[in-house]
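Please read it alongside the sequence and the coordinates.

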Amino acid sequence: MLELNHISTLKLGITAGGQLAKMLVLAASNWDIKTYVMDADPSCPAAGQCTKFIQGSHTDYDSVYNFGQQVDIITYEIESINVEALKRLKAEGKIILPDPEILETIQDKGLQKQFFSRFDIPTAAYQLFRDKAAILAAIEQSTIKFPFVQKIRKGGYDGRGVVIVNNQAETSKLIDAPSVVENKISINKEISVISARNAEGQLSHFPVVEMEFNPEANLVEMLICPAELEPEVAEEAYKLADKLISSWKMVGLLAVELFVDKNNKVWVNEVAPRPHNSGHHTIESVVTSQFEQLLRAILGLPLGSAQLKMPAIMLNLLGEPGFEGPAQYEGLREAMRIEGVKVHLYGKKITKSFRKMGHLTVLASTREEAINKANQVKNLIKIIA
Ligand SMILES: Nc1ncnc2c1ncn2[C@@H]1O[C@H](COP(=O)(O)OP(=O)(O)OP(=O)(O)O)[C@@H](O)[C@H]1O
Ligand SMILES: [Mg+2]
């Protein structure tokens with residue numbers, strides 16, 4: 001356990017330095033914690049706000065190891081950290097939360113699925129394959145049936161590395177890499193629950209949110225809280241998220257993405273051991289934000305209230321397709337004219353098609369009003385080059 005008498009001299013290391021790190025740094029600054037951020041890009045979102053920025057790649061063993069030497073405790077905002085370096089730091093007594101062994105499992109969608117099976121977590125039936133040829137052979141032998149979903153085991157994100165294959169013709173889209181192949185679920189809704197757990201085993205979960213996807217970019221476009229769900233469906237989602245974080249004995253946050261199918265059955269899709277896009281609204285709309293909750297969990301503090309203060313919608317601000325270069329923002333003034341619209345800009349210098357450049361939180365006294373306002377503000381802001 002960390003000594004908290006000197007919280008303001010505590011050195012918290014965060015890899016890497018994207019928007020999640022930036023928002024974590026901002027939360028940590030409320031308690032005057034010293035934040036050390038490592039990222040390969042010196043102009044990354046968190047670089048301007050942290051106490052000390054260190055240039056280095058989060059995938060590089062030496063960079064992660066050396067970074068770890070400089071701080072008291074390490075957490076992360078992205079899964080693809082060099083886990084070998086984290087494991088060595090842990091063996092040498094450094095506090096790394098969530099635990100690197102859990103991160104190692106989650107980094108590999110195959111191991112993740114096996115963990116779900118081991119703990120009887122409902123998840124789409126799956127098989128593991130070493131490459132594309134093995135998947136094609138299994139189709140030939142009818143051990144895989146259409147439609148199915150291929151997911152590369154490592155390194156996919158934001159829908160990259162996920163291929164939905166509906167028929168033989170679409171097998172040309174298959175990726176040649178070690179993969180999970182799973183049944184395609186008839187999704188009615190995609191939802192997410194973020195659970196938190198501290199070292200004492202105290203649990204808390206944020207209210208379930210509903211995710212709406214941009215079909216073109218396969219990125220979450222609008223996230224709605226509270227989600228519109230039958231109470232027993234929401235309860236099942238909370239139960240699964242809490243069961244997962246407890247089964248892992250995790251200390252930190254676990255973001256759990258779930259599907260609700262046409263029969264109202266709840267399936268776990270995948271998990272992330274870090275703050276999540278679906279928790280951004282908590283900054284304004286929940287008593288304790290996901291970032292403060294992560295700090296409370298990893299610093300051995302009591303978890304804060306996860307009570308929703310008012311309905312909220314989160315809209316990602318994505319780079320306008322077809323533009324690449326220094327970012328320019330259009331329509332911010334018009335957006336801010338709408339009551340309850342809160343703007344977050346991540347400070348990424350370069351915009352690209354569908355790059356996450358910021359987000360908006362839209363607050364209102366009812367869910368319907370929040371949705372109306374979100375639809376109003378949705379097309380006002382454009383990020384071009
Ligand atoms: N078994 C499935 N059945 C139907 N649709 C699926 C299935 N698995 C994934 N999808 C669709 O593909 C999307 C992306 O899948 P997944 O979340 O596993 O990938 P990802 O690249 O890690 O995504 P992200 O980083 O955006 O969370 C899901 O949100 C869902 O819309
Ligand atoms: Mg996902």
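## Two aspartates with positive phi

Asp 32 is found in the loop between helix H1 and strand S2 (34-39), where helices (H or I, at least four residues) and strands (E, at least two) are DSSP runs numbered from the N terminus. Its phi is near 60 degrees, a positive value in a residue other than glycine. Asp 32 counts as exposed because 11 other C-beta atoms lie within 10 Å; with C-beta atoms placed from the backbone, 20 or more such neighbours within 10 Å make a residue buried, 12 or fewer exposed, and values in between partly exposed.

The loop between helix H5 (109-118) and strand S6 (126-129) holds Asp 120, which has a positive phi of about 55 degrees although it is not a glycine. Asp 120 is exposed, with 9 C-beta neighbours inside 10 Å.

## Basis of the model

This is a predicted model, in which local features need pLDDT of at least 70 and side-chain atom pairs count only at pLDDT 80 or more, while totals for chains, interfaces and linings use all residues. Residues are numbered from 1 along each chain as its sequence is written, and chains are lettered from A and ligands numbered from 1 in the order in which they are written.

## Cis peptide bonds

Most residues other than glycine have a negative phi, and most peptide bonds are trans. A cis bond joins Thr 15 and Ala 16, with omega about -10 degrees, and Ala 16 lies in the loop between strand S1 (11-15) and H1. The bond from Cys 225 to Pro 226 is also cis, with omega near 5 degrees; Pro 226 is placed in the loop between strand S13 (219-225) and helix H7 (231-247).

## A buried loop serine

Ser 278 lies in the loop between strand S15 (266-272) and helix H8 (282-285), and it counts as buried because it has 26 C-beta neighbours inside 10 Å. Beyond its neighbours within four places in sequence, its contacts (C-beta atoms, placed from the backbone, within 7 Å) include Ser 192, Val 209 and Ala 255.

## Nonpolar cores

A nonpolar core is a set of buried Ala, Val, Leu, Ile, Met, Phe, Trp, Tyr and Cys residues joined through C-beta atoms within 7 Å. The largest has 92 residues, and Leu 24, Val 37 and Leu 254 are among those that touch the most other members. Helix H1 (residues 19-29) gives the most to this core, with seven residues. Domain 1 (7-96) and domain 3 (187-384), with bounds from an automatic or database domain assignment, both give residues to this core, so it lies between them.

Terms used: Two residues are in contact if their C-beta atoms, placed from the backbone, lie within 7 Å.
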